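Please look through the sequence and the structure below before reading on. The notes that follow begin with the place where two chains meet and then turn to one of them in detail.

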Amino acid sequence: MRKAIALKVDLWIEGEDAPAHDFADSTKQAVRDIIAAGVSSHPDLSVKIRGIVEGNERHENPLN
Amino acid sequence: MNRHTRQFGNARSSRLIIAAAVVVTLLGSFLLVRYLRSRSANPVKSSALPDMPNKPEPLLRSFNGCPPGGDGGDPELNRLKNRIDDGPYISVPFDAVEKLDWPNTIERRRRADWNSGDTATVARYEGLPITIDGYLAGARQEGPESPNCHGADASFRDFHIWLTKTAGEDRANSIVVEMTPAVRAQHRNWNTEVLGVIVRDKDKVRVSGWLMLDPEHPDQVSKTRGTIWEIHPILRFEIEQNGRWTALDDFTP
């Protein structure tokens with residue numbers, strides 16, 4: 001049976017970078033590279049990245 | 001009338017109905033576009049806010065290596081968030097900001113992509129140095145963001161604060177007011193612990209800073225905020241104690 005699923009992945013990434021360098025841009029590309037590299041170990045799966053956006057959920061969090 | 005003529009008549013009627021439907025659709029689309037355009041071009045109405053055609057220019061400096069434009073996102077917006085100058089604040093009613101409209105065509109768009117009409121509409125009020133009294137519904141340290149160069153340390157984070165008109169009110173009608181890293185660095189007592197005490201005790205507060213429109217969170221209006229207009233950054237924060245206003249730096253709960 002052919003199956004499909006849309007997964008949302010929540011990542012936290014830290015690293016050194018020049019202050020004014022676009023960290024969102026470079027980490028998005030890094031995540032694409034990481035997924036592309038990992039796909040080869042699962043040849044039975046077809047993985048397509050539909051989009052990567054910077055997380056912004058903090059404003060919706062319930063207050064403690 | 002024979003059968004052939006009747007069929008011809010039916011086909012003609014059908015063509016007329018289709019043509020009429022096309023005309024109505026086109027006319028409707030035209031009127032809808034005109035309405036939407038006029039809506040975005042309408043000036044924001046608010047008589048409770050002062051007119052200040054010549055607003056102070058933002059004073060900008062890098063903060064611990066992070067330039068005012070940040071490290072991505074919308075550099076123009078980031079520069080507004082990162083101004084550090086104090087202003088000639090004008091006290092305005094809470095509702096003057098909470099009920100202030102904005103052109104819906106700017107939502108989630110970088111300032112460089114706004115049309116000139118929307119830019120002028122927002123500029124009428126953005127950059128006003130204002131003071132608003134209210135109460136705190138909550139205060140939270142933000143995550144890493146582009147205006148602060150995605151700094152991972154706490155010293156690079158904004159404090160996101162929900163200001164409400166009345167004590168104990170829900171955030172749905174709040175105004176978001178933010179303390180930024182560069183301004184916080186000049187105040188020893190601006191921390192989330194002290195703000196938490198003010199939230200808990202429902203103390204009345206007086207917030208002064210720069211009026212700014214943040215187009216990034218329209219989806220949160222009526223949920224976790226009442227408007228996308230913010231006081232951002234906050235330059236002065238006072239608490240009412242025994243009928244007098246005390247600066248947050250001098251505040252002891």
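Across the interface of chain A and chain B, the rule finds 3 residue pairs in polar contact, both residues being at pLDDT 80 or more; a polar contact is a pair of N or O atoms within 3.5 Å, where within protein one must be able to donate a hydrogen and the other to accept it, and where residues adjacent in sequence count only if both atoms are side-chain atoms. On the side of chain A that touches chain B, the residues divide into 7 nonpolar, 5 polar and 5 charged, with Ala, Val, Leu, Ile, Met, Phe, Trp, Tyr, Cys and Pro counted as nonpolar, Asp, Glu, Lys and Arg as charged, and the others, Gly among them, as polar. This is a predicted model, in which local features need pLDDT of at least 70 and side-chain atom pairs count only at pLDDT 80 or more, while totals for chains, interfaces and linings use all residues. Residues are numbered from 1 along each chain as its sequence is written, chains are lettered from A and ligands numbered from 1 in the order in which they are written, and side-chain values use heavy atoms, with hydrogens and water left out.

**The interface**

- The contact (heavy atoms within 4.5 Å) takes 17 residues from chain A and 26 residues from chain B.
- The area buried between the two chains, that is, the accessible area (1.4 Å probe) lost on being put together, summed over both, is about 1600 Å², and carbon and sulfur atoms give 50% of this.

**Chain B as a whole**

- Chain B has 6 helices and 7 strands, where helices (H or I, at least four residues) and strands (E, at least two) are DSSP runs numbered from the N terminus.
- Of the 253 residues of chain B, 47% count as buried, and here buried means under 20% relative accessible area, exposed over 50%, and partly exposed in between (1.4 Å probe, protein chains only).

**The loop between β5 and β6**

- T227(B) is placed in the loop between β5 (204–213) and β6 (229–241) of chain B, and it counts as buried because its relative accessibility is 0%.
- A polar atom of the side chain of T227(B) lies 3.0 Å from the backbone nitrogen of W229(B).
- S222(B), which lies in the loop between β5 and β6 of chain B, has a positive phi of about 75° although it is not a glycine, and at 57% relative accessibility S222(B) counts as exposed.

**Salt bridges in the structure**

- Over all chains, the structure holds 12 salt bridges, including one between D85(B) and R83(B), whose closest N and O atoms are 2.9 Å apart.
- D85(B) is buried at 10% relative accessibility, and R83(B) is buried with a relative accessible area of 2%.
- R108(B) forms a salt bridge with D219(B), the closest N and O atoms being 3.5 Å apart; R108(B) lies in the loop between α3 (94–98) and α4 (116–123) of chain B and D219(B) in the loop between β5 and β6, so the pair ties together parts that are 111 residues apart in sequence.

Definitions and conventions: A salt bridge is a side-chain nitrogen of Lys or Arg within 4 Å of a carboxyl oxygen of Asp or Glu.
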